[in-house]
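Please read the following report alongside the sequence and the coordinates. Each section takes up one part of the model and gives the criteria on which its terms rest.

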Protein chains: 2
Amino acid sequence: MLSFDEKEFMAEELRGLALRGKIEEVVDEICREGYSNLFWIGIGGTYAYLSQMHHIIKSHSRILSFAEEAAEFAAAGNKQFDKNSVVIITSVTGDTKEVNEAVRIAREAGARVIGFVGSLDTPLGQSVTYPVACVGALFYKLYYTAFRFMYQAGDFPEYEQFVKEMEKLPQALLKAKEEFDPAAEKYAEAHGMEPLTYLIGAGNLWGYAYCYAMCVLEECQWIRTKAVNSGEFFHGTLELIEKGVNVLAFQGEDESRPLTDRAVRFLERVTDKLTVIDTRDYALEGISPEFRGILSPMVMYQLCERMSKHLEEVRKHPLELRRYYRRLSY
Amino acid sequence: MLSFDEKEFMAEELRGLALRGKIEEVVDEICREGYSNLFWIGIGGTYAYLSQMHHIIKSHSRILSFAEEAAEFAAAGNKQFDKNSVVIITSVTGDTKEVNEAVRIAREAGARVIGFVGSLDTPLGQSVTYPVACVGALFYKLYYTAFRFMYQAGDFPEYEQFVKEMEKLPQALLKAKEEFDPAAEKYAEAHGMEPLTYLIGAGNLWGYAYCYAMCVLEECQWIRTKAVNSGEFFHGTLELIEKGVNVLAFQGEDESRPLTDRAVRFLERVTDKLTVIDTRDYALEGISPEFRGILSPMVMYQLCERMSKHLEEVRKHPLELRRYYRRLSY
């Protein structure tokens, strides 16, 4: 596969799986001590990923959970936040300004912070209560965290079976990527140069549609985008879609699948440039049917990585290129 | 002012003020009976408006409050929802499919629903617990509802003074509209035909930036847009902004003002097409400084009405024209 190092991929996946013990230890300790609620706090991409975990919790568990954009949290606050709250943050660099400020506020209030950081030797690594060092392996750590909390709350008795099956993911995801790769290439060739791309998604994939639009297409490819929730799509954005307008639909397998189904049925009638990426098309060997829905974010993330690499190639625009971000002070 | 009937405007505003007694009665009854939490449930524009109320409550009150997109609520649910929850919905037509479904679910669970509907003789008007008939006067009803709940929770002791000052709003908003009108016309003439418009906003105006982009510019003017929270802007969208790119910034006076300030300072450096609409520029006679921040949504809504009318004129595109919405079945 293009720009893909299988050994590196598998190593990262295994690093993700290896985090399980440490995370269970942290979550179990917090559950023993007690807590009032969970705050998933991020900005940009991390806000999007964490809000996917929040979505899963709020629709499957009585745990009180909030997703907060770090800058808004620091400015306006949330009166549900107190010293018994638990904050979960993730940052590769460990120096994201807004997240650091949110953590400062949280720690000052006496709250505990679980921090997934690339290196412990960073401002974030130093300031969180429970630092967990890890590079990449994004969703493993978030899933272990969310589902361990749910398990301890009595809302996910299938935990042991679920985490056991997660061990099959590296291989299953690799296979899904390989299968999707030709379609990713085709998409990039056909639509890589479109002037504007609409993205839709719902449920636990809405956060990823938002993220892929803003943090990959906009930030890493300078492609103009608009992401809209598949349900919201019918209340405004639909008027812009006609023949020739490019739309990407992220379809998963959770309870909100019918929302995207409805949008896709409509889109098929009005545009000739609709691409649907559906997690259901991939076998995910070793994963029980009842877990597929909650795993859609992990699958979509890996499929889209393929698309990004082909877009980079077709557009001759390195994914690392930035005009302003971390290049200009503001 | 263009396409503006002052008598009709004032009549609508007074109808809004007149809702106070009825709403206080409903909220007080609910508070006497007790409730677990508030669910602001809408779709498209109503989701956006209601989420502005949710934002104000979560940042100023210990009341547990949730904003839910109706289709997502119906599909995925929220485990915090129970028979003691109170749902607030608003719908002019009373036949919005997704909202009707959410209300059906809520009523079936035994929850109480406050419904602001254009006519009581509609499916929604018939199915909610507390129907309140009203056409337009959007924010009065929502403000009375939100702040009465906050008052009864002990989180807004200034209620009596606040609602007394709200009586000054019809005159103050009319004056603001008159003052902003020339700028609205100038904006429409200069930028009405732009191929793509970015909108930013934060805090209690983020919902309105989202709404004005999708429910006015997209739905009523078929203008391509992307709305992004002013804090999120720095994590992707900024890379798309350069000379010639059109940006509208909605600036208010709540705690999140610094987020938009920061984005505006950056935007001034990179595009020559930045328009800032700032509620602070309007006197709002009779309104105390401490209430200006929470009133920013009402002010911005009225200012933007002026902009919409000038866009309609410049673009020769009636605001009522739809391609698909409520014209096609889907």
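## A histidine in a loop

A:H235 is placed in the loop between β7 and β8 of chain A, where strands (E, at least two residues) and helices (H or I, at least four) are DSSP runs numbered from the N terminus. With a relative accessible area of 7%, A:H235 is buried, a term that means under 20% relative accessible area, whereas exposed means over 50% and partly exposed lies in between (1.4 Å probe, protein chains only). Once its neighbours within four places in sequence are left aside, A:H235 has contacts, meaning heavy atoms within 4.5 Å, with residues of chain B that include B:I43, B:G44, B:T96, B:E98 and B:Y325. B:M214, B:C215 and B:E219 are also among the contacts of A:H235.

This is a predicted model, in which local features need pLDDT of at least 70 and side-chain atom pairs count only at pLDDT 80 or more, while totals for chains, interfaces and linings use all residues. Residues are numbered from 1 along each chain as its sequence is written, chains are lettered from A and ligands numbered from 1 in the order in which they are written, and side-chain values use heavy atoms, with hydrogens and water left out.

## Cysteines without a disulfide

Over all chains the structure holds zero disulfides, a disulfide being a pair of cysteine sulfur atoms within 2.5 Å. B:C211 is in no disulfide, and the nearest cysteine sulfur, that of B:C215, is 4.1 Å away; B:C215 is likewise in no disulfide, with the sulfur of B:C211 as its nearest. B:C211 is buried at a relative accessible area of 1%, and B:C215 also counts as buried, at 12% relative accessibility.

## Relation between the chains

## The four-stranded sheet

In chain A, four strands form an open sheet in the order β7-β6-β8-β9 with parallel pairing, where two strands pair if DSSP finds at least two bridges between them. β7 (225–229) and β9 (274–278) of chain A stand at the edges with a single partner strand each, so one side of each is left without a neighbour in the sheet. The twist from one strand to the next averages 20°. Strand β6 (residues 197–201) of chain A runs parallel to strand β8 (residues 246–251) of chain A and is joined to it by four bridges, with A:T197 opposite A:N246. Helix α11 (residues 257–270) of chain A packs on this sheet, touching β6, β7, β8 and β9 of chain A, and its direction makes about 155° with that of β8(A); axes are lines fitted to C-alpha atoms, for helices over the stretch in contact, and angles run from 0 to 180 degrees between N-to-C directions.

In chain B, six of the six residues of strand β8 (residues 246–251) are buried, so the strand is largely enclosed by the rest of the structure. B:N246, B:L248 and B:F250 point one way from β8(B), while B:V247, B:A249 and B:Q251 point the other way. β8(B) pairs in the parallel sense with strand β6 (residues 197–201) of chain B over four bridges and with strand β9 (residues 274–278) of chain B over five bridges. B:A249 is the bridge partner of B:I200, and B:F250 stands opposite B:I277 in β9(B).

## The five-stranded sheet

Five strands of chain B form an open sheet in the order β2-β1-β3-β4-β5, again with parallel pairing. β2 (65–69) and β5 (130–133) of chain B stand at the edges, each with a single partner strand. Strand β3 (residues 85–91) of chain B pairs with strand β4 (residues 112–117) of chain B over six bridges, among which B:I89 has B:G115 as its partner. Helix α2 (residues 20–33) of chain B lies across β3, β4 and β5 of chain B, running at about 165° to β5(B).
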